[in-house]
Amino acid sequence: MAENETVERDWASFSESLPDGNEKLALAVEGIYCPACMTRIEKGLLDLEGVANARVNLTSHRLAVTWNPGETNPDMLLARLSGLGYGAHPFDPGRVKTEEKRENQRLLRALAVAGFAAMNVMLLSVSVWSGNASDITPETRDFFHWLSAFITLPAAAYAGQPFFSSAWRVLRKGHLNMDVPISIGVILALFLSVLQTVQHEEEAYFESALMLLFFLLIGRWLDHMMRLKTRAFAENLTALKAETAMKLFDDGNLREVPLSKIEPDDKVLVRPGECISVDGTVLKGASQIDQSLVTGETGLIEVSEGDSVYAGTLNGENALTITVTAAAKGTLLDEVNRLIDEAMEARSRHRKLADRAAELYAPIVHTASALTFLGWWLYGIGWQPALVISISVLIITCPCALGLAIPAVQVVASGSLFRNQVLLNSSDALERFANVDMVVFDKTGTLTRPRVGIVNRSDCDDESLTLAIALAKASSHPLSAALAAMNRKIKPITNATEEKGKGLFADHQGAEVRLGSPVFCRAEAQAEKVRAAHPTASLLAFAQEGHAPVVFALEQQLRSDASDVIARLKDRGIALMILSGDQPRAVEVIANELGIDAYHAGISPTDKIAMIEAQKAKGHKVMMVGDGMNDAPALAAADVSISPVTAAHVSQAASDALFLGEKLLPVLHALDIGKRARSIMEQNLWLATLYNVIAVPFAVAGFVTPLIAALAMSGSSLIVTINALRARAKGDAWLTDNVAFDEALNEQAPQAD
């Protein structure tokens, strides 16, 4: 874009006011190709007075910058970006996706041109090499060299555009990036090859320049594709977000309005087959919804009056009237997308180390190449052979392997976590998961499901249970609400009368039915038997005139895979502990069922922190898994923490990650993927370092030609990229990400179970 666009566009209208008085602006930045670009932009903006934060997302080329409006303004930010050599425009996911598609096609075209030209020039070079060893005539050699030049120069000019344009953009602003030495190496190789052809020399290096471009383009395209695959999950969620809603006005009219015009407590209508665009509570109607892409729950969920629904879920066969709790902002879908954005912007300890090394690369390699040229020239071999050696040094030290070593692993690991229902909320959580040797669980809502269930189902006949659920729907008592939620299809008994603190009764088909305490339902004898069998359960009695009363034992039930996950954690040698504020007997039952020996009940948030700190003092790396508001301090105190997405907002904010769905398996995935990712990060850093330690002395000593340098450099990049693919979970596909999400989004239609 032209620089004068920064004056014509009213940037202030694109910014967002934050509660602390600062302003925030999201921009799409053009020309970001390497970690050094990220560092330069972030440092350049943070140097401006009043800028509080600047974060660049290398995956989406998105810049999020926060500033004090009293000290700076958007025009100053854009001017600084322009001064650094980068253009920008308001961040629009649709536009970014279009530009990425265009960039992908550009890279593929350049790759095809470089590959086709390199194959042809290589054939000519093989003829020259074999001829130099036998009886080729100078005229024939010159003809092959000129033919190689005729193929190479236009092909290199086209295929090298991704590198040349990036290098020129920063050079004219007085800066450097990774593409500068690449461009210098290619241009010097071409210049020297043409010069040696004019001078009728035996050697030329056209194939080296093309092979360098070819392998560099392969690495850049692979990196580009991995980032696109990782973003597929976020794009699927974004695709679920509708931009409008059918609002019900007080006068009874129904009109389609933008989400920005929807306020909490408004009423909206969601027709059959439509995507729900707001978070809210069902006011009227009953239907089935598909919420698998948002919460991880599989299958269709029954919803009726009083049930919560979320933006991004798909309505089934019946219309729903919903009371809005959140619309344009603050929905669960927005929260998931925010976590994905933050995870992609995350820069861990290893990432910062690699970024710092890549940032220092350009001046160091230029100096090394110049000193190599100067040393060999003074040694007396002539300026042309000295230039060939310095070009080899310039090419072989290209830090593509170092630049890809950590980001490639983070991209693959983050994508694998997303596919396994884990959303990162902290920049270095991935590495801290790798260190965990002790897991501390809260009980209620973490090891157990958020809602209670009937634990003596075999003692309850179906007719009594159905009537009890129908009567429970007329009560607001927590136990009645839990019973009512067990079957949303059952219609409520509407003529019920409630006696506070006792229960409720109603006339049903000429007979009285009661639901409440055992005393209220005259079921003391039955209650004694149930209490003896289930001492920690809450009791709710039901009585129907002419029938024996029934007592339901309601208790929190373990998550469906809790026992399996706990057993697998034990197999890994991880220490386990339960810290709960619940009554001792309830905690003891859960601990015994799961086989966890260390547990503490009835403790306060302060006690939880003290116990976690005590374990850390013993040398343990503690992960806390909790969901309640009282767990937030403990989540923050642990070395790393994770919460279910149903957790209280304060707990979500304190956690390093969230997991979706009813199962605990994502907790195990977070540990496994984190450990594997850290190991591969370290491997990649060692591989990139070892490559330079071995390759650079050989290049400086003159044992490496530009072609061999290009092959070695490209090979090192491919090795770290392929190694990074191992960071995925074992069940994930190697190269195709999010297939299940794509199929669910495109093919799954709402239908009855």
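Visitor: How many bridges join β23 to β24?
Guide: Two bridges join β23 to β24 in this predicted model. The two strands run parallel.

Visitor: Which residue stands opposite Tyr599 of β24?
Guide: Ile578 stands opposite Tyr599.

Visitor: And what is the bridge partner of Phe441 in β23?
Guide: Again Ile578: in β23, Phe441 has Ile578 as its bridge partner. The strands β16 and β23 are joined by four bridges and run parallel.

Visitor: Is β23 largely enclosed or open?
Guide: Strand β23 covers residues 575–579, and four of its five residues are buried, so the strand is largely enclosed by the rest of the structure.

Visitor: What sheet do these strands belong to, and in what order do they come?
Guide: The sheet is open and has seven strands, in the order β15-β27-β26-β25-β16-β23-β24. The pairing in the sheet is mixed.

Visitor: Which strands stand at the edges?
Guide: β15 (422–424) and β24 (599–600) do. Each has a single partner strand, so one side of each is left without a neighbour in the sheet.

Visitor: In what sense do β26 and β27 pair?
Guide: Strand β26 (residues 640–644) and strand β27 (residues 657–659) pair in the parallel sense, over three bridges.

Visitor: Buried or exposed?
Guide: Gln421 counts as buried, at 18% relative accessibility.

Visitor: What about phi of His200?
Guide: His200 is not a glycine either, and has a positive phi of about 60°. His200 is found in the loop between α7 (179–198) and α8 (206–239). At 53% relative accessibility, His200 counts as exposed.

Visitor: Switching to charges. How many salt bridges are there?
Guide: The count comes to nine, with a side-chain nitrogen of Lys or Arg within 4 Å of a carboxyl oxygen of Asp or Glu as the rule.

Visitor: What is the N to O distance for Asp442 and Lys608?
Guide: The side chains of Asp442 and Lys608 meet in a salt bridge at 3.5 Å, N to O. Asp442 lies in the loop between β16 (438–441) and α16 (443–447), and Lys608 lies in helix α22 (residues 605–617), so the pair ties together parts that are 166 residues apart in sequence.

Visitor: Are Asp442 and Lys608 buried or exposed?
Guide: Both are buried.

Visitor: Which residue forms a salt bridge with Glu613?
Guide: Lys616 does, with the closest N and O atoms 3.8 Å apart. Glu613 and Lys616 both lie in helix α22, three residues apart, about one turn of the helix. Glu613 is partly exposed at 37% relative accessibility, and Lys616 is partly exposed at 27%.

Visitor: How far apart are Asp564 and Arg568 in their helix?
Guide: Asp564 and Arg568 are four residues apart in helix α20 (residues 562–571), so about one helical turn separates them. Their side chains meet in a salt bridge at 3.5 Å, N to O. Asp564 counts as partly exposed, at 41% relative accessibility. Arg568 is partly exposed too, with a relative accessible area of 30%.

Visitor: New topic: at what angle do α25 and α26 pack?
Guide: Helix α25 (residues 665–700) and helix α26 (residues 706–724) pack at an angle of about 170°, with their axes 9 Å apart. Angles over 145 degrees count as roughly antiparallel, and α25 and α26 are therefore roughly antiparallel to each other.

Visitor: Which residues meet there?
Guide: On the α25 side, Ile680, Gln683, Asn684, Leu687 and Tyr691. They meet residues of α26 including Ala709, Met713, Ile719 and Val720. By class, the contact has nine nonpolar, four polar and no charged residues.

Visitor: Last one, for the whole chain. How many helices and strands?
Guide: The chain has 27 helices and 27 strands. Buried residues make up 53% of the 753 residues. Of the contacts with a separation of 6 or more, 68% are between residues 24 or more positions apart.

Terms used
Residues numbered from 1 in each chain as written. Predicted model: local features only at pLDDT ≥ 70, side-chain atom pairs only at ≥ 80, totals over all residues. Heavy atoms only, no water. Buried < 20%, exposed > 50% of the residue type's maximum accessible area, 1.4 Å probe, protein only. Axes fitted to C-alpha atoms, helices over the stretch in contact; angles between N-to-C directions. Parallel < 35°, antiparallel > 145°, perpendicular 65-115°, else oblique. Contact = heavy atoms within 4.5 Å. Nonpolar A, V, L, I, M, F, W, Y, C, P; charged D, E, K, R; others polar. Pairing = 2+ DSSP bridges.
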